[in-house]
Amino acid sequence: MVGFISNSAPSDADEDRADLPTGRDGVGAKLRDAHRAYNRLLQARLAEEGVTLGMWYFLCALWQEDGISQRQLSRRVGTMEPTTVSALAQMERRGLVQRQRDPMDQRRRVVRLTRVGKSLQERLQPLQERLEAPARLGLSEAEAAQLLLLLDRVTDSLERTASS
């Protein structure tokens with residue numbers, strides 16, 4: 001495995017990380033650390049609006065396309081169906097979504113945003129956009145664009161490797 005040398009001094013956050021068998025300097029470990037830090041910050045911002053991180057991904061998918069089946073929603077978010085059912089039940093109790101039988105296929109449950117669920121988009125999407133601003137990430141505009149290209153390339157490469 002190719003490792004990268006870290007130029008930064010250890011921080012308190014470093015002390016809280018487990019020493020994984022591959023070390024802290026590998027690409028996977030660095031991606032995991034960045035993802036966890038991003039999720040912690042996003043979760044804190046979402047909590048101010050009473051939304052959990054789990055709800056966030058379902059809301060984003062439904063803002064893109066409302067009225068899809070639970071199975072489609074599960075696939076788009078990348079969760080197992082029991083996890084989706086549990087999250088949707090919580091969201092339904094909060095008045096964010098409604099689940100209804102599909103009139104064309106009674107076996108399917110269709111998920112629709114309520115007025116409350118739709119209204120969250122106006123407040124939450126700008127919150128995420130501010131979080132992802134290059135300056136917030138400690139990057140220039142050019143570095144942020146390059147990072148996105150590199151991450152897409154890594155993802156594509158790993159997916160090709162997994163499917164071969």
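## How to read the model

Because the model is predicted, local features need pLDDT of at least 70 and side-chain atom pairs count only at pLDDT 80 or more, while totals for chains, interfaces and linings use all residues. Residues are numbered from 1 along each chain as its sequence is written, and side-chain values use heavy atoms, with hydrogens and water left out.

The score called pLDDT is the predictor's confidence in each residue, from 0 to 100. Here the protein chain averages 86, and 86% of the residues score at least 70. Helix H3 (residues 53-64) has the highest mean pLDDT among the elements, 95, while helix H1 (residues 12-16) has the lowest, 56. Take care with residues 1-10, where pLDDT stays under 50 and the model has 10 contacts beyond four places in sequence; a contact means heavy atoms within 4.5 Å. Where pLDDT is low, the predicted coordinates should not be read in detail.

## The overall fold

Let's start with the elements: the protein chain has 8 helices and 3 strands. These are DSSP runs numbered from the N terminus, with helices being H or I of at least four residues and strands being E of at least two. Their order from the N terminus is α-α-α-β-α-α-β-β-α-α-α.

Among contacts between residues at least 6 apart in sequence, 45% join residues at least 24 apart. Of the 164 residues, 25% count as buried, where buried means under 20% relative accessible area, exposed over 50% and partly exposed in between (1.4 Å probe, protein chains only).

Two strands pair if DSSP finds at least two bridges between them.

Strand S3 (residues 105-113) is joined to S2 by 6 bridges, and a hairpin links S2 to S3 through 2 residues. Within this pairing, Gln100 stands opposite Val110, and Arg99 has Val111 as its bridge partner. On the S1 side, S1 and S3 pair over 2 bridges; there, the partner of Ser69 is again Val110.

## The nonpolar core

A nonpolar core is a set of buried Ala, Val, Leu, Ile, Met, Phe, Trp, Tyr and Cys residues joined through side-chain atoms within 4.5 Å. The largest one here has 24 residues, and those with the most contacts inside it are Leu46, Leu59, Leu73, Met91, Val97 and Leu124. Helix H2 (27-47), H3, helix H5 (81-93), S3 and helix H6 (115-131) each supply at least two residues of this core. The largest share, 8 residues, comes from H3.

Beyond its neighbours within four places in sequence, Leu73 is in contact with Phe58, Ala61, Leu62, Ile68, Leu88 and Val111.

## A pair of aromatic rings

The structure holds 1 aromatic pair. The ring centres of Trp56 and Trp63 are 5.8 Å apart and their planes are at 80°, so the pair is edge-to-face. Rings of Phe, Tyr and Trp (its six-membered ring) pair if their centres lie within 6.5 Å; planes under 30 degrees apart count as stacked, over 60 as edge-to-face and the rest as tilted. Both Trp56 and Trp63 are buried.
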